[in-house]
Amino acid sequence: MSDIFKKHIAKFAKVPEDDFEQIIKFFDISEAGKKENLLEQGQICRHHYFVLEGLLRKFYINEKGNEQTTEFAIETWWLTDNFAYENQLPTEFYIQAVEKSTLLCITPEKRQKLLEEFPVMERYFRFVYQRAYAAAQKRIKFLFSFSKEEFYFQAVRNHPEFIQRVPQYLIASYLGFTPEYLSEIRKRALS
């Protein structure tokens, strides 16, 4: 399992094998069952999660009482409530395992010590945050530029394996419409 993380780090930073053996000790491995909440609204956000296996989602409960999914994380993706994690504040979000998942977890305190002992990891996390920010910018552009149908078909074109893997009601939640509306869109596309 740690090879997955080692390969991911290697995309962004050069870490000698001996250093990696020390770096990995800053992380805990956690298992999450399907539909298990790792974080709930109102809790202090104490972990940043790296997905080794499985699928996570981040969501909140909107004013109508519906779940609104804001992010997903599959293998080699990171997920947390960044603001609550960085400031050790209660979160407004939930993080839930969509599938049985194996995760690496790091607390802010351990991450700080990691960065002090292994400055090369600053480079790694900088690239991780830059990519996450770029993805968020792209999603915002899609939200404002495309109709809901176009947004869905853009997701199908760009991430077909992801769309196949995520339950349709969660895709609808992420795209901001009802599962019934998603079903209508899919039916029209097939005809």
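## A briefing on the predicted model

Residues are numbered from 1 along each chain as its sequence is written, and side-chain values use heavy atoms, with hydrogens and water left out.

**Overall build**

- The protein has nine helices and eight strands.
- Its radius of gyration is 18 Å, close to the 16 Å that the globule rule gives for 191 residues, so the protein is as compact as a globular protein of that length; the radius is taken over C-alpha atoms, and the rule is 2.2 Å times the number of residues to the power 0.38.
- Along the principal axes, the C-alpha atoms fill a box of roughly 55 × 35 × 30 Å.
- Of the 191 residues, 41% count as buried (under 20% relative accessible area; exposed is over 50% and partly exposed in between, with a 1.4 Å probe and protein chains only).
- Among contacts (heavy atoms within 4.5 Å) with a separation of 6 or more, 70% come from residues 24 or more positions apart.

**The four-stranded sheet**

- Four strands form an open sheet in the order β1-β8-β3-β6, with antiparallel pairing; two strands pair if DSSP finds at least two bridges between them.
- The edge strands, each pairing on one side only, are β1 (28-32) and β6 (78-79).
- β1 and β8 (residues 101-106) run antiparallel and are joined by five bridges.
- Ala32 has Ser101 in β8 as its bridge partner.

- Most residues other than glycine have a negative phi.
- Lys35, however, has a phi near 70°, and this residue is exposed, with a relative accessible area of 52%.
- Gln88 has a positive phi of about 50° although it is not a glycine.
- Gln88 belongs to the loop between α3 (82-87) and β7 (94-97) and is partly exposed, at a relative accessible area of 24%.

**Lys11, another loop residue**

- The loop between α1 (2-10) and α2 (17-23) holds Lys11, which is exposed, with a relative accessible area of 58%.
- Lys11 and Phe127 are 116 residues apart in sequence, yet their C-alpha atoms are 9.5 Å apart in space.

Conventions:
This is a predicted model: local features need pLDDT of at least 70, side-chain atom pairs count only at pLDDT 80 or more; totals for chains, interfaces and linings use all residues. Helices (H or I, at least four residues) and strands (E, at least two) are DSSP runs, numbered from the N terminus.
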